[in-house]
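Subject: Handover of a structure

Dear colleague,

Please find below the structure that I am handing over to you. My notes on what was found in it follow.

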Amino acid sequence: MKELIGAVSRNRVKIGVVLVTLLLVFWLAVSFQRSVLLLTDPNPIAKAIGLGYLLLPLIGAWALVRELVFGAQTQRMARILEQEGGLPVDDLPRTPAGRIVRAAADERFPQYQAEAESAPGNWRSWFRLSCAYDAAGDRKRARRAMRDAARLFPDHDGPGD
């Protein structure tokens, strides 16, 4: 039953990503079309606005691709750690609403921080540190640590560095 719930949860996330991506692609297409209209206008001010407006879909497309690649790479790292038995155990106490008790996450955090400090070139330790930051509620540092893990992660087919 837990596996079924996990599969549905994972698919919800994927469905959400697909929907947001489709909405962003639609917005990018409309923005691009509007910028072309402004660029074809004889008024120089409209052309300047069209040129500026053209930058929005380009920046949006770059950000979209970057985030999708980051998500796919994070998923590959998680699969490898799961196969190796290296994912952090999710046994922290939770509130009735399902949120992790912050004090418990803060108590366990130094273990993962020490691991990352002792092996700064190991993507696995940075991945686990990212999970610890996330459990402690520090999303900004969690994302930064996951980006460090992704930077250190070699693209490979199997476990091991």
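**Nonpolar cores**

The largest nonpolar core has 19 residues, and those with the most contacts inside it are M77, W123, F127, L129 and A149. A nonpolar core here is a set of buried Ala, Val, Leu, Ile, Met, Phe, Trp, Tyr and Cys residues joined through side-chain atoms within 4.5 Å. Buried means under 20% relative accessible area, exposed over 50%, and partly exposed in between (1.4 Å probe, protein chains only). At least two residues of this core come from each of α2, α3, α4 (123–135) and α5 (139–152), with α4 giving the largest share, six residues. Helices are DSSP runs (H or I, at least four residues), numbered from the N terminus. Another core, of five residues, lies apart from it and includes L92, A104, A135 and A136.

Please note that this is a predicted model, in which local features need pLDDT of at least 70 and side-chain atom pairs count only at pLDDT 80 or more, while totals for chains, interfaces and linings use all residues. Residues are numbered from 1 along each chain as its sequence is written, and side-chain values use heavy atoms, with hydrogens and water left out.

**Salt bridges**

The structure holds 10 salt bridges, each being a side-chain nitrogen of Lys or Arg within 4 Å of a carboxyl oxygen of Asp or Glu. In one of them, the side chains of E67 and R143 meet at 2.1 Å, N to O. Because E67 lies in helix α2 and R143 in helix α5, this pair ties together parts that are 76 residues apart in sequence. E67 is partly exposed at 33% relative accessible area, and R143 is partly exposed at 36%.

R151 is exposed, at 59%, whereas D148 is partly exposed, at 21%. Salt bridges that share partners also join E67, R143 and R147 into one network.

S31 lies in helix α1 and counts as buried, at 1% relative accessibility. I15 is found in helix α1 (residues 2–39) as well, but counts as exposed, at 51%. D90 is placed in the loop between α2 (44–84) and α3 (102–118). Its C-alpha is 9.4 Å from that of A135, although D90 and A135 are 45 residues apart in sequence.

Yours sincerely
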